[in-house]
Amino acid sequence: MSILIDENTRLVVQGLTGREGSFHAGRNRDYGTNLVAGVTPGKGGTDVNGVPVFDTVAEAVSATGANTAMVFVPARFAADAVLEAYDGGVDVIVAITENIPAMDMARVVPYIRSSDRDATLIGPNCPGLISPGRANVGIIPGEICSQGPVGLVSRSGTLTYQIIHELTQRGIGQSTCVGIGGDPIPGSDFIDILAKFEDDPQTEIVVFVGEIGGDAEERAAAWAKDNMTKPIVSYIAGFTAPPGKRMGHAGAIISGSKGTAQAKAEALEAVGIRVGRNPTEVAELVVEARKAS
Amino acid sequence: MDLFEYQGKELLRKFDVPVPEGRVATTPDEAAEAAAGLGGKVVVKAQVQVGGRGKAGGIKLAESPEAAREVASQILGMDIKGHTVKRVLVERAGDIRDEYYVSFLLDRSERKFLGMMSSKGGVDIEEVAATDPDAIARVHVDPLVGISDFHARRLVFGSKIDPEARKEAIALIPRLYRAFVELDASLVEVNPLVLTGDGRVMALDAKVAVDESASFRHPVFDELKAAHDIPEQERFAKERGLNFIKLDGDVGIIGNGAGLVMSTLDVVKAAGGEPANFLDVGGGAGAELLASAIEVITSNPEVKSVLVNIFGGITRCDLVAEGILAALERLDVKVPIVVRLDGTNAEQGRKMLADAPHPMLVAAETMLGAAEKAVELAHGGAR
């Protein structure tokens, strides 16, 4: 088992005909992901290395049974692409695109989350997700991963690779690694993914990688205290990061926290979650926790 | 992107939010001229992208154009928390009866917009939130529904402002909300919002921050940005697509991805060093970008060693190595560069560096080992 993507994933890539889209979709396919379609308005009827391209997501879904979408279109069109994927009936939408205006996501995210369908948006501004040995949707390098018991969720990209690498080097594989992205309003937050790991039989331990800003880590810690039975190891980046050049102070008021790494680490430790001081120590804590259980 | 007060006010004016009449001046003479045009009695305000300028002496009243010239000459050139004042806003001074606070921003955890209002304006709102939280009225607005008059009423009645200010404030709040949404702002904050002696309500200050990701639909953002002061090193970095922030230490840092770079700063600090900067080359960086990154870092004379920490995903380590070698060839690099490569094409990259030994190049196997080495070298250790 794994979460969100596996052998049954049928992937449609929005922006397949672009340079980035075709490169990464190709890498996902080489990994073994079932890439069934691409969508580029106006290029319907063509193909990219044998993968059929459609004008709309709805057409792609009805012709190929696609159930997962990866969005690789430029930022100004990306919110529209996410909505199109949702409207086309796709229930797992992975938006890789960065620099999507926050105002766009402020409408798209609540819309998808409030629907009565069980749809999940991962991202935007994220590396995607991988269920090692089963499917890879996004840009996480498949070769650093291996199958195993760790569920990993992170706001970061390359920092996630570093931690996966440290785990794999110690012979510890992963069930699914999810990059939820660093935008102010992510489609899925830590809690959404932690809940899925809690329900996933393959996942025995969870690694949760946060960073400074906002209060998503603090909220996840509070939630985990009451809802998680599986052990969690955490890492927070940004202890030495300089405070942003903000003018207004309103942001810090609503979060009820300064958003510092220190405050986040304390919130996690207060509910019994061990926090590694660097990526290497995180992997070592996972090894320890595995021995203990 | 944080805007200057005068820029924020110009934008708010377009949404019919009342602001005092004013002009921007860059010299004492211009300030005097502006004061004369505004009828004599004015307020001269430093334009800086940082709070606390009132306490720093950056806001002064002037009774006449002559006085405006005098105070402008004091304020222009002043240093406020590291920001040099290059412009002042000269505004007609009015009679203020009461001061309030009002703002709109994005509440990440609720995934909604949040409006806040307080009858305690003109003071640090964080202080009010800490000492007297009930003095701040709050209302969430669903982005999918937008603002309704009741939201404005809840803020106005909830904050218990002077009844005489109610009617105009209730009219002003939806305009402020529209400005927030239509400008792709991340913050619109008016502190103070004032009730004038003649019963009018207007924005005496404006803090507007806009989302640069939305620049494609706001051509004005580029114009606004052109007025901002960006340090030379940061401008150089930005023009080349590097995400760079200068810090005060002596270990230069280059990495790919914000999270990994932040983590690199942390491990350098933990190893006893002080990072000289944050520099993220982003995803898919090529050789040219890496060479520019090294150029930016080594242009800082404080830097005693450089740490390049790359985990290749879309970024290819062979191209990173090529960039490092190109920079060493092109620049007269006088400080050691510790390089740690992992991920896509890492072996190839490591081999390229090993095959082209340079006296300033130091290879490291792991992230922690690389950080320790870079710190040791910055402290005068041997390669």
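This is a predicted model: local features need pLDDT of at least 70, side-chain atom pairs count only at pLDDT 80 or more; totals for chains, interfaces and linings use all residues.
1. The axes of helix 5 (residues 149-158) and helix 6 (residues 163-182) of chain B come within 9 Å and cross at roughly 135°. Axes here are lines fitted to C-alpha atoms, for helices over the stretch in contact, with angles running from 0 to 180 degrees between N-to-C directions. Helices (H or I, at least four residues) and strands (E, at least two) are DSSP runs, numbered from the N terminus. Helix 5 of chain B and helix 6 of chain B are therefore oblique to each other; angles under 35 degrees would count as roughly parallel, over 145 as roughly antiparallel, 65 to 115 as roughly perpendicular, and the rest as oblique.

2. Who makes that contact? On the helix 5 side of chain B you'll find Ala152(B), Arg153(B), Leu155(B) and Val156(B), and on the helix 6 side Arg166(B), Ala169(B), Ile170(B), Ile173(B) and Pro174(B). Residues are in contact if their C-beta atoms, placed from the backbone, lie within 7 Å. For the classes, Ala, Val, Leu, Ile, Met, Phe, Trp, Tyr, Cys and Pro are nonpolar, Asp, Glu, Lys and Arg charged, and the others, Gly among them, polar.

3. Next, the sheet. Chain B has an open, antiparallel sheet of four strands in the order 1-6-2-3, where pairing takes at least two DSSP bridges. Strand 1 (22-25) and strand 3 (59-62) of chain B are the edges, each pairing on one side only. Neighbouring strands are turned by 20° against each other on average, direction ignored.

4. Strand 2 (residues 42-46) of chain B pairs with strand 3 of chain B over four bridges, in the antiparallel sense. Look for Val44(B) opposite Lys60(B) in strand 3 of chain B. Helix 3 (residues 65-75) of chain B packs on the sheet, touching strands 1, 2, 3 and 6 of chain B, and its direction makes about 10° with that of strand 2 of chain B.

5. Finally, the interface: 52 residues of chain B are in contact with 52 residues of chain A. Helix 9 of chain B gives the most to the chain B side, with 10 residues. That side divides into 27 nonpolar, 13 polar and 12 charged residues.

6. Bookkeeping: residues are numbered from 1 along each chain as its sequence is written, while chains are lettered from A and ligands numbered from 1 in the order written. Local features need pLDDT of at least 70 and side-chain atom pairs count only at pLDDT 80 or more, but totals for chains, interfaces and linings use all residues.

Notes
Two residues are in contact if their C-beta atoms, placed from the backbone, lie within 7 Å.
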